[in-house]
Amino acid sequence: MSVLKLKNTYTKSLETFQPLDPSGKRVTMYTCGPTVYSYAHIGNFRSFLMSDLLRRVLERNEYEVRHVMNITDVGHLTEDDVADAQGEDKLQKAAREMGWDPYKLARHYEDLFVEDAKKLRMKNYIGGEAEDPALHPRAASHVPEMLALIQKLIENEYAYVDDSGQVYYDINKFPDYGKLSGKVIDDLEAGSRVAVGEHKRDPRDFYLWKVDAKHLMQWDPHGENGWDAADYARYVELVPEGVDPRIKPGFPGWHVECSAMSRTHLGHVIDIHTGGEDNIFPHHECEIAQSYGAYKTQVVGPHGAADQDSPRHSFARYWVHGRHLLVNNKKMSKSAGTFYTLRDLLDPRDNDREELAVELEKSGFKDGRVPANVLRYALISNQYTQPMNFSLDLLQQARASVERLQIRYDKLREAVGDGTNPDVDGTASDKLLELVSKADEDFDGALNDNLNMPNALAVVFGAVNQLNQMELGPAEAREALRLMESFDEVLDVLDRSARSGLITREQVSTWLDSESLVKKAQHLKHWAEAPDREQLWEMVEAGQLPMFEDLAPIEQMDADTIELFVAIRQNARKAKDFAVADGIRDDLARRGVQLEDTPQGFRWVLG
RNA sequence: GGUGGCGUAGCCAAGUGGUUAGGCAACGGAUUGCAAAUCCGUCAUAUGUGGGUUCGAAUCCCAUCGCCACCUCCA
């Protein structure tokens, strides 16, 4: 097994990954999650999927990953910046515009986000993990922890309270501020682009606690006003002596939430912290400053004793940042019409994007909708260290790639069968076993090389190509299927249900010669009085096929129905009545069943 | 203005001194009643431009053009 290497933003170098856990098993990972004031867009999801990919690669390396991704539902201002905190809270602004309570708005968009995340197969929202609030902490529910941290900062003299009762971080106390982003802090022109807060000691100081009477989400640090009962009980426990009396009722700064929540749910020092590249400065820089100021968190580098002499004043050992997604090589822009939420692409017509739907239809997307697995593939298909230029072309290519994998997967599944064939338990050829183990290893190698997905996909398609050239027995198919499933543990783009089948020529000729065809016809529910065999043939021969008009919709297409039409079609083919045969195939296709003639028989695929 | 990054065939995208990664598209062939799928082949000895170092450069150096990001809300 190759060794996982990651590009650490902090050191700007490729580092071998080693967890902090002495047993070398457990890995802690924190991702800055969405601010839930609107729909998440595909750029957000590219970033979150990078974290999902990293997590899956860690699991492939047999680590047990505890992945926390927060929900920001308070404190993120419209004009947040390094020097001052002007502007309105993003959530509050959106809530005001919709005439909603900000808590309601946050939960609304959080719920929608979770729906989207599930569709994109983000593992931290699949299964039991989705239900674990500790893995998806909400900022507004962690005000006790944030105030405790703020109090620590004041006690340690890394923060100060101004006349109005607000709290600021004192940048000058932390010389390492700027180490993550590589910024020379003196170069940040003090106050030139932002209004200097009157009460700040240095214009670059950032706020930890803000006082604003107009703000709807408020907490009183010295009483029960604004508190959820359970949170307040925890607060009293966490800060029994109370916080600095000068702090006035208000709300927390954006940066402080991640320091507090990652510590609460993952511990003092964590292994990996991820986010989008825009988070590097100032958000993550501020998180580092806060955690160090309050708890003196520091890490020695991953390379062992040599680093003991120069610990980094960071609470995360590896910082991993994804580059942004662009459209037409520019940032997404609503005014330029290049802004896409996930929903816009999955279901444009339901989201008032008729033009987009038409464009997608032109590109061959059925009903103008992009399947979620195709979007997932597109968003993870290049390396996270490169900006991604999103386009319809990219989506089309992703669709073709996913289809190629799906077709191979389906055929392998058919070859393995339902497990009743005793040959499945046989021994696969050495050649096949070698192919499988090499592909699996190369796939690891590519992913472990800083998540090099293009190389990993080259391995996948190389293996598919080789498999396509081989005649596979059941035992070989079984091994090959395992390989595909192993790839898909990371990619997660395949439909793994039994969605295809093969009807042999022998089966069809049996049906044609027996009453079983009529039985299949009678199976169709809409025939109150099913035709007998003779009537059925009359209909077929007359090319009437009236059953097509009101055939059951796709969800009700089952094996019997498909088999009936395959038999009828085969009869027409034998009679060289290709118009009827092709008509049946086209009709089935419209109902979501692809039919293929192969030397072995007739293959059907749902989808 | 400061800092960082990128320019690889029609498109996407690896490769960071030495045997034309891979995918998509298009076209030709095999197969097929027609399709679909699959295979073989073509596009392809491609690397923004101009120099330099080297036996050898997409890869290193210099210059130059173009694009992007962060520094200001952002994933």
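The legends below all show a predicted model.

**View 1. Asp-352 sits in a loop with a positive phi.** Phi of Asp-352 comes out near 65 degrees, a positive value for a residue that isn't glycine. You'll find Asp-352 in the loop between helix H9 (342–346) and helix H10 (354–362). Its relative accessible area is 74%, so Asp-352 counts as exposed.

**View 2. Lys-296 is another non-glycine residue with a positive phi**. Here phi is about 55 degrees. Lys-296 belongs to the loop between H8 and strand E12 (316–322). With a relative accessible area of 40%, Lys-296 is partly exposed. As background for this view and the one before, most residues other than glycine have a negative phi.

View 3. Pro-282 itself is part of helix H8, which covers residues 280–295. For context, most peptide bonds are trans.

**View 4. Strand E9 pairs with E8** **and with E10**. Strand E9 (residues 207–210) runs antiparallel to strand E8 (residues 167–169), and 2 bridges join them. Another 2 bridges link E9 to strand E10 (residues 251–252), again antiparallel. Trp-209 is the residue to look for: in E9 it is the bridge partner of Val-167, and it also stands opposite Pro-252 in E10.

Terms used. Residues are numbered from 1 along each chain as its sequence is written. Chains are lettered from A and ligands numbered from 1 in the order in which they are written. This is a predicted model: local features need pLDDT of at least 70, side-chain atom pairs count only at pLDDT 80 or more; totals for chains, interfaces and linings use all residues. Side-chain values use heavy atoms; hydrogens and water are left out. Helices (H or I, at least four residues) and strands (E, at least two) are DSSP runs, numbered from the N terminus. Buried means under 20% relative accessible area, exposed over 50%, partly exposed in between (1.4 Å probe, protein chains only). Two strands pair if DSSP finds at least two bridges between them.
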